[in-house]
Amino acid sequence: MTSISDAQPKDWKYVSEGGATIVFSYIGPANPLLDGMVLRLRKIALGEPTHGPEPDDPMIEFQKKFHLPRLESVYLDQAWLKALALDHDAERPLERRQKDQIDLTRQKGVLATDLVCGDWIAVEIKPKWAFLPSAKHLSESTRHIKTQTCRFCMHSRMRRDMGEATSVGYCPLDLFSGDSNRVKKAIYGLWDAWAASGGTVNNLKIFVDGKTIQPTEEARILASDVSVNGLSTNDIRESFASALSAFFERTPVLRLISNLQRTLDILDIEGLSQLWHNTEVSEPAYAIPSPEILRYYVLAYLLSATFKDCSLIIRLDPLRPGMPTADVGLERITVIDLDPKGIERLRKWEQMDQEIANYNAGLEPKQCIDARR
């Protein structure tokens, strides 16, 4: 396994981070191992105890089994990690610095292809849940709301009412619908939430020259020879939505993710919980499912959860408002954040599902349309 410590901490540029990982892009001297690559490091909550023996990052094992794009484990040195954290911590968003930090006890990181640094616009979208659950496995108390309002929209409404910035105008079912007007509506919703939140919602990120841009920098997604004189924010928004929707009409990726999510989660968390209970009971009145059946549905649900939480990176050419959108190759889209989910999360997910459904039961249902039903 390669060691990363030969490159200096200053040879890396902070790119972005999510709830579990932080990403740096290599900008140092020519190096055949590191050129065009990013380093992905695990984070840890402030005050959280350190971990024990460390296997490869779960994403590495997933990639080996499912032939996903190249990822490579690299050795880390604690002194090097401390220097990297010290050099770049000030570049991180304040709200992130107040919650977590690079896990300095980790001995391994992940080296991956840099998808955001280049002469293109890199758009990262976290599409979320693509379908409405079947009523068959839902309880009487949740069936009405969960078969009308999608999980993302229910959660967004709850979070909004709690004072959080959310993509409340975006519905994933529009993005996954395959209908050009609905896809464009979804992209408008993502853009509007990005703009209204100052770029803090994580369903849309835009990268230029390898760095995330803020909504106030929207003109940076235009081609260098395009004059901003006379262009409004709405012109740029329209050009962005047109370019992305045209691309999504041509790629099968959204349909594939939708198929994987819905076929791997046919019970919903409610049905899975009931199956688990029925497997454990000993009363003769029950036809007890075998542990093998439970194991199958649990693993399928966990895999579905991976696809519900994945992200897409689309590399677009710089925009030219008012001009026809040029076709870009379908290789310009990559699915990332395919980390396997652990079984220990099931109880938390069940509790969260109940909380979200109970909250929305008191609201007027939003009509989310699943085009596949």
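Let me start with Phe240, which in this predicted model is in contact with Val123, Ile187, Trp191, Leu204, Ile206, Ile221 and Leu319, leaving aside residues up to four places away in sequence. Phe240 also belongs to the largest nonpolar core, a set of 47 residues, where Phe240, Ile221 and Phe248 are the residues with the most contacts inside the core. Which helix gives the most to this core? That is helix H8, residues 233-250, which gives seven residues. There is also a second, separate core, this one of 19 residues, with Tyr14, Met37, Leu81 and Ile102 among them. As background, nonpolar side chains in soluble globular proteins tend to be buried together.

Turning now to the sheet, we have five strands in an open arrangement, and reading across them the order is E10-E9-E8-E11-E12, with antiparallel pairing. At the edges are strand E10, residues 211-212, and strand E12, residues 333-336, each of which pairs on one side only. If you follow strand E11, residues 311-316, you will find that E11 and E12 are joined in the antiparallel sense over four bridges, and that Ser311 stands opposite Ile336 in E12. Helix H7, residues 180-196, lies across two of the strands, namely strand E8 (121-125) and strand E9 (204-208), and runs at about 75° to E9.

Next, please look at a pair of helices, H10, residues 268-280, and H11, residues 291-308, which pack with their axes 10 Å apart and at an angle of about 155°. How are H10 and H11 oriented to each other, roughly parallel or roughly antiparallel? An angle over 145 degrees counts as roughly antiparallel, and therefore H10 and H11 are roughly antiparallel to each other. Their crossing is left-handed. As for the residues that meet between these two helices, H10 contributes Asp268, Ile269, Leu272, Leu275, Trp276 and Thr279, while on the H11 side we find Pro291, Ile293, Leu294, Tyr297, Val298 and Tyr301.

Is Ser258 buried or exposed? With a relative accessible area of 1%, Ser258 is buried, because the cut-off for that term is under 20%. Again leaving aside residues up to four places away in sequence, the contacts of Ser258 are with Ala130, Phe176 and Arg372.

How values were computed. Residues numbered from 1 in each chain as written. Predicted model: local features only at pLDDT ≥ 70, side-chain atom pairs only at ≥ 80, totals over all residues. Heavy atoms only, no water. Buried < 20%, exposed > 50% of the residue type's maximum accessible area, 1.4 Å probe, protein only. Contact = heavy atoms within 4.5 Å. Core = buried A, V, L, I, M, F, W, Y, C linked by side-chain atoms within 4.5 Å. Pairing = 2+ DSSP bridges. Axes fitted to C-alpha atoms, helices over the stretch in contact; angles between N-to-C directions. Parallel < 35°, antiparallel > 145°, perpendicular 65-115°, else oblique. Left-handed = near helix turned anticlockwise from the far one by under 90°.
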